[in-house]
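Work through these exercises with the structure open. Try each task before you read its solution.

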Amino acid sequence: MKKIGIAGYGSTKFSKNEIPIEELLLESTKQVFDSTDNLSQDLIDGVIVSTNDNSKYLSAILSELSGIKPKISHTVEHLCSSGSNAVISAFSYIASGLADVVLVAGGDTIGNPGQVLEWDKTRGEFNHPIYWGSLFTKHHKRKFNTTEEELAIVSAKNHKHAIDNPNSYSHNAYTISQIMNSKPITDDLRILDCSFPCSGSSSLLLASEDTIKKFTDTPIWISGIGQKTDSASFAKNNLSELSTTVMASNDAYSMANTNPNEIDVAEIHDAFSVCELMAVESLGLSKKTESAQFIRNLFNTENRKINPRGGLIGAGHPLGATGISQIIEITQQLQNNAKKRQVSNAKKGLIHNMSAAATSSSVIILES
Amino acid sequence: MNKFETELLNGNFVISNCINCNQVVWPPSNYCNICHNETKWCDSKQIGKIIEFSKKNNQYFCLIEIEQNLRVLGEVLGETTPKINQKVQLKKCSYNKTPQFMFELLPN
């Protein structure tokens, strides 16, 4: 298979402002053009937009606004993991030879409709994500004796990391005590354990090995991809692990001929604090019973290996942009260009993006 | 509204069963997701067990397993703290933009 890499990227600031989706997508796309050497509109074969927004024909609109006349253009919607799935589509177009250079632009507005899956009748009246977040949390507490403090450490760590991310919506540091005493949403979830929807856009330029040298001297290669969908309905879920994450990561590790021990840095889908603990277990980055201790050690030693950009909890969660923003962070880490967030000597990184209580998961592995 | 929703409005929890392999197809669908044969409407069983629960304000919300392929999120009525694997009985169901399932605890 052709080697395919990341040739350029751009991102808006994530905010709680109401901004039209077209404006957001154009802003991050303009940054790709501004920051990528030798890039011109005629070199782009494909434009893929990832979003949960109800607006129509967004890839054609973005193409027109940015002066691109692509051979391939369409939208990808897959709830919270729309961004990583759009990148997987772009990768596939290039791998197949249908395209050589593809722009992926992801974005959502703060009021986007992707937060509730109305189709899922199994959730009854409890269809907001806080309910599955609470049940995952309660189950983790019951099964692994996870404490409120251990959950709060996830949020404290990620809010702290987000301070050094200029695009994050939150730049507030919170103590463990402040998080543990923040407003209760349910008996098992506090407000500072939650990620929040916001407005934002992130864009990536993908190119084949033959072409990428034109755009960058430091390409980052996509070496592994795994995607697994078990269902759309929450109630069918196994609460003990993120089973789709286990399967997606096994496929990604296998494709990249690597294993969890070789991952230097990872962006993890921390929709709620408990998700980070479950994800590091399911990705094999920690042992099953040791995820809380693993995260505590990172926090105590100021090690930014997990969620250096602040994760969803610290950076914000504009659904269609999230997976792309995660990939940009790992790209910057592997290019040794993450400034204050830099994890030393990072050579191999992982992105974990999931949807609807991990009824589906995507895992992407990048290498320098 | 479809039959599932109108039946819920009438207080009946109906599910779909495959006419060929007799599997419960949940959420309801016109076709079986195993053999792709047509389904028929059947009354759901009324007894389930609690898989997990939490609480918002004074309302217990629970993941309840009625049978192997049939789980729902519903409210467990009352102030008694539920227990994992405790049996529950469907007390009431309805529909108001979303399905609503209300259960009561049964002594184990």
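Two residues are in contact if their C-beta atoms, placed from the backbone, lie within 7 Å. Keep in mind that this is a predicted model.

**Exercise 1.** Find what surrounds Phe14(A), and decide whether Phe14(A) is buried or exposed.

*Solution.* 
- Step 1: locate the residue. Phe14(A) sits in the loop between strand 1 (4-11) and helix 1 (21-35) of chain A.
- Step 2: list its contacts, leaving out residues up to four places away in sequence. Among them are Asn167(A), Tyr169(A), Cys198(A), Gly316(A) and Pro318(A).
- Step 3: take one partner. Pro318(A) is 304 residues from Phe14(A) in sequence, yet their C-alpha atoms are 7.4 Å apart.
- Step 4: apply the cut-off. A residue with 20 or more other C-beta atoms within 10 Å is buried. Phe14(A) has 29 C-beta neighbours inside 10 Å, so Phe14(A) is buried.

**Exercise 2.** Describe the side of chain B that touches chain A.

*Solution.* 
- Step 1: count. 16 residues of chain B contact 19 residues of chain A.
- Step 2: find the strands. In chain B, strand 4 (47-56), strand 5 (59-67), strand 6 (70-76) and strand 8 (98-105) each supply at least two residues. Strand 4 gives the most, with five residues.
- Step 3: sort by class. This side of chain B has eight nonpolar, four polar and four charged residues.

**Exercise 3.** Work out how the two domains of chain B meet.

*Solution.* 
- Step 1: Domain 1 of chain B is 3-43 and domain 2 is 47-105.
- Step 2: count contacts. Nine residues of domain 1 of chain B meet nine residues of domain 2 of chain B.
- Step 3: look at the domain 1 side. Helix 1 (residues 3-9) of chain B provides its largest share, three residues.

Notes: Residues numbered from 1 in each chain as written. Chains lettered and ligands numbered in written order. Predicted model: local features only at pLDDT ≥ 70, side-chain atom pairs only at ≥ 80, totals over all residues. Helix = DSSP H or I, 4+ residues; strand = E, 2+ residues; numbered from the N terminus. Nonpolar A, V, L, I, M, F, W, Y, C, P; charged D, E, K, R; others polar. Domains from an automatic or database assignment. Buried ≥ 20, exposed ≤ 12 C-beta atoms within 10 Å, placed from the backbone.
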